[in-house]
Amino acid sequence: MRALTRGVLGVVGFLLVWELFGRSGLVSAEYLPPPSVVFGELGKLLGDQLFLRDVLATVLALLITVGVSVGIAVPLGLVLGSVPAVRYATRAVVEFLRPIPSVALIPLAIVFLGIGPETKIVLAVYAAIWPILFNTIYALDELDPLLVETAKVFGTGRVRVLFSVALPNALPFVLTGIRLAATTSLVVLVSVELLAGGSGGLGQFIMLARSGAGRMDMVLAGTVVAGVLGYLLNEGLERAQRRWVGWSAATGGRS
């Protein structure tokens, strides 16, 4: 409760400083409208079907991205983490691909996929698989060998050990990777929508709002919605992690 109170006070303090600064005349309200104006515009946008469709487009793309990323990264992480030969054989390729920013691949993705929603989803998946993949591999590195040997003594096969022993042990770290991947996916999706356009979403709304008359109140309203989505997503996944794997001492992972 105390942490919640401090968080609320922090947000209120930030908004108050923003309001005072926005009305001080130091910066034109055209470029930095105060939050009272921004939230007033946001209230109007929440009744606008086109805006709500853009929000829904981003949310649906986000859900698809997270689902696909988990489906790719978790099995791949289990393989790389449990088969040293495959891990060492693919290390150079993985370490080469991992640092490449998704936004740097936008031109290539547009050439092959066009400017539809599949482009932003593919790029977001590319960015999201790494936190899940490396957290899964890291979890298997931390797996107690005694658990594996005990399972083998009872005649458990390699594949069954992987899914009945290794995966449950890795679950806290996998969930941390999913939480990191989800917020990363949101950033990439909005960025691709903003830079490439053509597929709908919050990013395209912000891009259109800043062009023409340059409505900064609408731009900031869209940005606030993106921030709220990111906060709710992270908070929801963090609560789910505490509830589902509260038995684990693992409190973090690798990104």
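**Exercise 1.** At what angle do helix α3 (residues 49-82) and helix α4 (residues 84-97) pack, and how far apart are their axes?

*Solution.* This is a predicted model, where local features need pLDDT of at least 70, side-chain atom pairs count only at pLDDT 80 or more, and totals for chains, interfaces and linings use all residues. Residues are numbered from 1 along each chain as its sequence is written, and side-chain values use heavy atoms, without hydrogens and water.

Step 1. Find the helices (DSSP runs of H or I, at least four residues, numbered from the N terminus).
Step 2. Take the axes, lines fitted to C-alpha atoms over the stretch in contact; angles run from 0 to 180 degrees between N-to-C directions.
Step 3. The angle is about 105°, and the axes are 5 Å apart.
Step 4. So α3 is roughly perpendicular to α4 (65 to 115 degrees).

**Exercise 2.** Which residues of α3 and α4 meet?

*Solution.* Contact means heavy atoms within 4.5 Å. V79, L80 and S82 of α3 meet P84, V86, R87 and T90 of α4.

**Exercise 3.** Describe how α2 and α10 pack.

*Solution.*
Step 1. Helix α2 spans residues 35-45 and helix α10 residues 216-244.
Step 2. Their angle is about 75°, with axes 8 Å apart.
Step 3. The two helices are therefore roughly perpendicular to each other.
Step 4. From α2, the contact uses V37, V38, F39, E41, L42 and L45. From α10 come D217, M218, L220, A221, V224 and V225.

**Exercise 4.** Where is V122 found?

*Solution.* V122 lies in helix α6 (residues 117-141).

Notes. Angles under 35 degrees count as roughly parallel, over 145 as roughly antiparallel, 65 to 115 as roughly perpendicular and the rest as oblique.
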